[in-house]
Amino acid sequence: MDAHDLITRNVEEVVTEVEVEALAEDPEGRRVYVGYEPSGVLHLGHLLTANKLIDLQEAGFEVVVLLADVHAYLNDKGTFEEIRETAERMQAQFLAYGLDEERTEFVLGSEFQLDEDYVLDLQALALETSLNRAQRAIAELQSGQTAKVSHVLYPLMQALDIEYLDLDLAVGGMDQRKVHMLHREELPGIGYEARPCLHTPIVADLATGVGKVSNTGSRILLSMEDSTEEIEEKVGGMYCPPTRDPGPDGEGNERHNPVLQLFQYHVFPRFESVTVERPEEYGGNVTYGSYDELADALDGGELHPQDAKNALAAYVDELVAPGREKLAELRA
RNA sequence: CUUUCCGUGGUCCAGACGGCCAGGACACCCGGCUGUAACCCGGGAGGCGCAGGUUCGAUCCCUGCCGGAAAGCCCA
């Protein structure tokens, strides 16, 4: 796989193609980042962007992981002390998951976001940006809650981080695209150059298959701390019609097949092939060399959802195991 | 600081004259149906912000407190 394919595989949006193609010409030593609000336990959502970072690392990029403690603080996630503690655990889990320690730089937001230059640029950006524009870029805001001033500061800082971390590329889920667009539109206004961005897809709700909507926190959440048994149980409960393309639900919400999505975005990028173990009664073991082969088999009825789930649970377990051990170690 | 409005299961809402088991939707848990899940069917857990007062009796009326929202200037 060449650099460009590696950079853009499983990506939902590339902003812009031209800029990213230019990066792909000579990726060695380029800097890319993802920012995360520190969270004690990684879940599959984190790992989706982490997979992209691993791809980019393989393509020659230097990876910066921003542990956004100040952002978490602005989002009312606790005291700085608590937040930094979870940031440390988060870092350990990312390394256990497979980020190359030699080529990954972990940066705490507070290391530079409180510097005078940064703060003054933040004021400049605040002067440039309409309240409405900033408010629309806020990623997560509880439905009933009223926006606080901290909430509009949040996206402005994200935009500025990309400059201050001296990056060549920004990565985030589709939920971050508004922030990235704010960055691209407003940063030139204060004298900086906008950077290209990659947006990874957002996997549908594991329990219902509904995409985009909900965000109320799914019933099923697969995380680094799940035991093998918990993973089997959770995967067993996932929504999985025997098709690639489930129709909309009763309310007209678009649905996806999250079991297939996990194979596509989490399993195949990290394994050469996938072997589904099945009793003879159901046709015996089968091996798929690509996501499409597996998805076609499910869609065509040759692969039963239960068997697909059994295999998925086994692979997810393998992906999560190193991080799970690391967590146990940290807690001991 | 002052005024007004609001505070019912996890969430969003009902509720009455003060008394009758405080209802519903969605979510959640258990079981059935499916070789998975969903759908469907059956069952279940869970609530009146706090403290006083009035009353035979308060989730409902009164006072205070806590918490949330909006307003305060000019036009008058």
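**Figure 1. Polar contacts between the protein and RNA strand B.** A polar backbone atom of Cys240 lies 2.6 Å from a base nitrogen of RNA strand B. The view is taken from a predicted model. Two further contacts involve a sugar or linking oxygen of the RNA. One places such an oxygen 3.0 Å from a polar backbone atom of Gly236. In the other, the partner is a polar side-chain atom of Gln306, at 2.9 Å.

**Figure 2. The protein surface near RNA strand B.** Around RNA strand B there are 16 residues, of which Arg219, Cys240, Gln306, Asp307 and Lys309 come nearest. Helix 13, spanning residues 305-331, makes the greatest contribution, with four residues.

Figure 3. Six strands form an open sheet with mixed pairing, in the order 1-6-5-2-3-4. At the edges stand strand 1 (13-15) and strand 4 (104-108); each has a single partner strand, so one side of each is left without a neighbour in the sheet. From one strand to the next, the twist averages 20°. In general, the strands of a sheet pair through backbone hydrogen bonds, in either a parallel or an antiparallel manner.

**Figure 4. Pairing of strand 5 with strand 6.** Strand 5 (residues 169-173) and strand 6 (residues 197-200) run parallel and are joined by four bridges. One residue pair can be followed directly: Gly173 has Thr200 of strand 6 as its bridge partner.

**Figure 5. Strand 2 and its pairing with strand 3.** Strand 2 is largely enclosed by the rest of the structure, because five of its six residues are buried. Strand 2 runs parallel to strand 3, and six bridges join the two. Within this pairing, Tyr33 has Val64 of strand 3 as its bridge partner.

**Figure 6. Helices packed on the sheet.** Helix 3 (residues 44-58) packs on the sheet and touches strand 2 (31-36), strand 3 (62-67), strand 4, strand 5 and strand 6. The direction of helix 3 makes about 170° with that of strand 2. Helix 5 (residues 80-97) lies across strand 2, strand 3 and strand 4. Relative to strand 4, helix 5 runs at about 170°.

Notes: Residues numbered from 1 in each chain as written. Chains lettered and ligands numbered in written order. Predicted model: local features only at pLDDT ≥ 70, side-chain atom pairs only at ≥ 80, totals over all residues. Heavy atoms only, no water. Near = heavy atom within 4 Å. Polar contact = N/O pair within 3.5 Å; in protein donor to acceptor, adjacent residues only side chain to side chain. Pairing = 2+ DSSP bridges. Axes fitted to C-alpha atoms, helices over the stretch in contact; angles between N-to-C directions. Contact = heavy atoms within 4.5 Å. Buried < 20%, exposed > 50% of the residue type's maximum accessible area, 1.4 Å probe, protein only.
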